Amino acid sequence: MRKKNLTPGRVVLYAVLLLGSVLMVCPFIWMVLTALKSTGEVSTFSWLPTEFHWNNFIEAMNAAPFLRYFWNSLILTVGETALTLVFCTMAGYALAKAPIRGAKGIMNYFIALMMVPFQIILVPLFLLVKSIPLFGGNDIFGQGGTGWLNTWWALIIPLAIAPLYTFLARQFYVTLPSELADAARVDGLGEFGIFFRIMTPLIKPALVTIGVFQIEAAWNSFLWPLIVTNSDELRPLQVGLAIFSQDPLNVQWPYLMAGATLATLPMIILFIFAQRRFVEGMASAGLKG
């Protein structure tokens, strides 16, 4: 195997990558170390705590029903990811391979939607969820009740299907030979059969990439659950962590960092196990337009 020579350019590249890695890891290390400090220590700057308070993790978990919050976040994440993998891949396949007119114009519309910040659609989306007919005491016109507010419907469905995931799915389907779909149509296989049996099994890196993105977004969601829920029975983990910062003058930083550390661990474990497929998917996501 041929060895690569360490040229000055390569040394500079490695140095920049190493510096970037350190800068990205430092906040996580600071979070963990802060979680092990006493309440009095966080008011002064120091990297290492004078004494490691491991009981902060236990006390943080006992401060609120965090097991319930973890379970709620798990349900929210699984629900959103399942809907994303089904509907966004179906839409991506239709835009890439299905013989439909105007597919390119629809794709341009999806790209435009990707540029719209979530905060722009927050109020219209809230009003839409509140006005769902025949739910939450609403009449057929969506008036008189609360609709989907404070329900799993409001938590899962509105954010389960996003233009970004449809765009990514479409990019992967475009890389597949169209002859596979054409041959299946000649043999009498319908579009759903082509989608499920022929095309989708060939884009496993895409499914992992989209799944990782959606799992991370759902697990860390805060603003939308905060707005549409008001009960501990539905409150996810990120909203539950806000209990430690309710008083801006007395934020319980050790407990907050302890909870944040535990909330981060599932995402780290997910990426460790999915990184090969994830990197492979990201590397090939934009090969064709």
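**Close-ups of pockets and cores**

**View 1. Helix H10, end to end.** The 16 residues of H10 should span 22 Å at 1.5 Å a residue, and the end C-alpha atoms of H10 are 22 Å apart, so the two agree. (The expected span is 1.5 Å times one less than the number of residues; helices are DSSP runs of H or I with at least four residues, numbered from the N terminus.) Keep in mind that this is a predicted model, where local features need pLDDT of at least 70 and side-chain atom pairs count only at pLDDT 80 or more, while totals for chains, interfaces and linings use all residues. Residues are numbered from 1 along each chain as its sequence is written, and side-chain values use heavy atoms, with hydrogens and water left out.

**View 2. The largest pocket.** About 630 Å³ of space sits in here. Of its 21 lining residues, Phe118, Ile121, Leu159, Ala162 and Pro163 come closest to the centre. (A pocket is an open set of points on a 1 Å grid over the protein atoms alone, where a 1.4 Å probe fits, with protein on both sides within 12 Å along at least five of seven lines; lining residues have an atom within 4 Å of a point. By class, the lining has 18 nonpolar, two polar and one charged residues.

**View 3. The second largest pocket.** This one holds about 230 Å³ of space. Glu216, Asn220, Gln238 and Met267 are among the residues lining it, and helix H13 (residues 253–284) supplies the largest share, five residues.

**View 4. The largest nonpolar core.** Of its 21 residues, Ala60, Phe66, Leu237, Leu241, Phe244 and Leu256 have the most contacts inside the core. (A nonpolar core is a set of buried Ala, Val, Leu, Ile, Met, Phe, Trp, Tyr and Cys residues joined through side-chain atoms within 4.5 Å.) H13 gives the most to this core, with seven residues. Leaving aside neighbours within four places in sequence, Leu256 is in contact (heavy atoms within 4.5 Å) with Leu241, Phe244 and Val251.

**View 5. A second, separate core.** Tyr93, Tyr165, Phe172 and Ala181 are among the 16 residues of this core.

Notes:
Grid points are joined across faces, edges and corners, and a volume is the space filled by probe spheres set on the points. Ala, Val, Leu, Ile, Met, Phe, Trp, Tyr, Cys and Pro count as nonpolar, Asp, Glu, Lys and Arg as charged, and the others, Gly among them, as polar. Helices (H or I, at least four residues) and strands (E, at least two) are DSSP runs, numbered from the N terminus. Buried means under 20% relative accessible area, exposed over 50%, partly exposed in between (1.4 Å probe, protein chains only).
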